[in-house]
Amino acid sequence: MSIWIAIAVTAVGCYLVKLVGLLVPAGALERPLVRRLAALLPVALLAALTAQQTFADGRALVLDARAAGIAAAAVALVLRAPFLLVVAAAVAVTAGVRALGG
């Protein structure tokens, strides 16, 4: 039963966050600082999530096949490869390193 309570509380919380977002005055959203934060925050959060998922295993830092895949993706990005090729390079390198026992 506690799971359903947690789901209900989460749903209400999400609704309230959405409602608060709709109630923010338009003038507050037009400020330069708010516009800059809205542009940069998603990139920073995605970078942090990627780093955490790549280099963390519980509470320890690890350097494994995922890091090799990220490095391959970074090289493909520097070479201005299309997005699908960047993803394919990361997948191929990660799979290759894991196949070799890494």
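## Secondary structure

The protein contains five helices and two strands, where helices (H or I, at least four residues) and strands (E, at least two) are DSSP runs numbered from the N terminus. Read from the N terminus, the order of elements is α-α-α-β-β-α-α.

This is a predicted model, in which local features need pLDDT of at least 70 and side-chain atom pairs count only at pLDDT 80 or more, while totals for chains, interfaces and linings use all residues. Residues are numbered from 1 along each chain as its sequence is written, and side-chain values use heavy atoms, with hydrogens and water left out.

## Dimensions and surface

Along the principal axes, the C-alpha atoms fill a box of roughly 55 × 45 × 25 Å.

Of the 102 residues, 11% count as buried, meaning under 20% relative accessible area with a 1.4 Å probe, protein chains only. The accessible surface is about 8,300 Å², and carbon and sulfur atoms account for 76% of that area; the areas come from the Shrake-Rupley method with a 1.4 Å probe.

## Helices H4 and H5

The axes of H4 (residues 65–78) and H5 (residues 83–99) come within 8 Å and cross at roughly 150 degrees. Axes here are lines fitted to C-alpha atoms over the stretch in contact, with angles from 0 to 180 degrees between N-to-C directions. The crossing angle therefore makes H4 roughly antiparallel to H5 (angles over 145 degrees).

Residues in this contact (heavy atoms within 4.5 Å) include Ala65, Gly69 and Leu77 of H4 and Val86, Val93 and Arg98 of H5.

Key
Buried < 20%, exposed > 50% of the residue type's maximum accessible area, 1.4 Å probe, protein only. Parallel < 35°, antiparallel > 145°, perpendicular 65-115°, else oblique.
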